[in-house]
Amino acid sequence: MNSVKANPKYTNEKLDKVNVGFFAILPVVTVALTFFYIKYFDVSWGIAIFALVFAAATNLSITAGYHRLFSHRSYQGHPILRMALLLIGASGYQGSALKWSSDHRRHHNKLDTEDDPYSVTEGFWHAHMGWLFYKDENEKIKATDLEADKMVMWQHDNYLLISIVMGFIFPTVIGALLGDPLGGLVFAGCLRIILTQQSTFFVNSLCHMVGKRPYSLQSTARDSFIVAVLTHGEGYHNFHHRFQTDYRNGIRWYHWDPTKWVIKSMALLGLAQGLRKISQQEILKARLQVDELKIKSVGYSDEKIRQLKEQILVAQVRMKTLREEYKRLKSEKNEAWQNKVVEIKRDIATAKMEFKVGMQIWRIYLSQARLAPVRVGR
């Protein structure tokens, strides 16, 4: 990988002194205050719980707010939810929602190129946070939809004031109400900011270097359970880069994606709507396409693989169609519904069996391919 120092875009003249100062001073101050506090005071349960809750809310304001709502429009938020996400999001000191979303959209559109603001091709450090230390003179905010959003623009125009109030004054005040203003500042203010920043930054760095690529081999993005735990579900990054408009990152019920659960909960409370999901057929098709490249290395003919893939996809669509018809007939309950329902249940079982057999054969092909792996893509 190229060194950031060797890139003319990253010279001392282009250092962002404000960001460098902030990222250098805050950790030092935080460590000093933390050691001082631990030496002379006892951390109360109230402060500890508040700090953890506020840290979780900060991460969620980035994942559910800055990322899935504002950057990708994967759902629509009620004004109350949007305002909460913007206020708490500012407390994380990752920039305004407008700037953050503009950078992130450029990351998706120019992934792994020189125009990617935090391209991992320039090294782990650059992708993690090194890119924040330099000014990008050619960068312009490109998010016309967000620029037309009064709430987003209000946060952007008043970002410095909001970030100070929400990042430092608010936790200090809550700490005072709990009888410990210094504890509120140290743990729910400074320490929270540092930890939530680092967890977010791991998505840009670690998730482009470590993990699996089940949905696309065309990018460096990878799925990482470890990062998913650290970032409230953002670690399923290969899926996200392949299907960025889906409000979920972890699509299985057992995938660790608290952001998905929060968005769904907000929808049940009437605070979110229009949750966007990619169809199961498109997701399966993407996965089979990746598997196909691996299976071909074993020597199976293109026609044989194509026929099996088509069999699996057709069976999946047939199951979906039949299940929808089954639900419709049960709701109508007309005179002929009972016989028809029995027939459809039989057809569903047949389609399910065809899909299951097809996937079993496909997995056999794939397991053989793994014994003789092939290097494809990056």
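I started with K285, which is partly exposed at a relative accessible area of 27%. My scale calls a residue buried under 20% relative accessible area, exposed over 50% and partly exposed in between, with a 1.4 Å probe and protein chains only. E282 also counts as partly exposed, at 33% relative accessibility.

A note on the ground rules: this is a predicted model, where local features need pLDDT of at least 70 and side-chain atom pairs count only at pLDDT 80 or more, while totals for chains, interfaces and linings use all residues. Residues are numbered from 1 along each chain as its sequence is written, and side-chain values use heavy atoms, with hydrogens and water left out.

Next I looked at what joins K285 and E282. Their side chains meet in a salt bridge, 3.5 Å from N to O. I count a salt bridge when a side-chain nitrogen of Lys or Arg is within 4 Å of a carboxyl oxygen of Asp or Glu. The two sit 3 residues apart in helix α13 (residues 280–295), so they are separated by about one helical turn. Helices here are DSSP runs of H or I with at least four residues, strands are runs of E with at least two, and both are numbered from the N terminus.

How many salt bridges does this rule give? I got 8.

I then followed R68 and D257. Their side chains form a salt bridge at 3.0 Å, N to O. This pair links distant parts of the chain, with R68 in helix α2 (residues 45–71) and D257 in the loop between α11 and α12 (258–268), 189 residues apart. Are R68 and D257 buried or exposed? R68 is buried, and D257 is too. I also noted that salt bridges with shared partners join R68, E234 and D257 into one network.

D149 and R82 came next, with a salt bridge of 2.2 Å, N to O.

Last, I checked backbone angles. Y93 has phi near 55 degrees, a positive value in a residue other than glycine. I found Y93 in the loop between α3 (79–90) and α4 (97–109), and Y93 is buried, with a relative accessible area of 13%. For H232, phi is near 60 degrees, again positive in a residue other than glycine. H232 lies in the loop between α10 (225–230) and α11 (237–242), and is buried at a relative accessible area of 15%.
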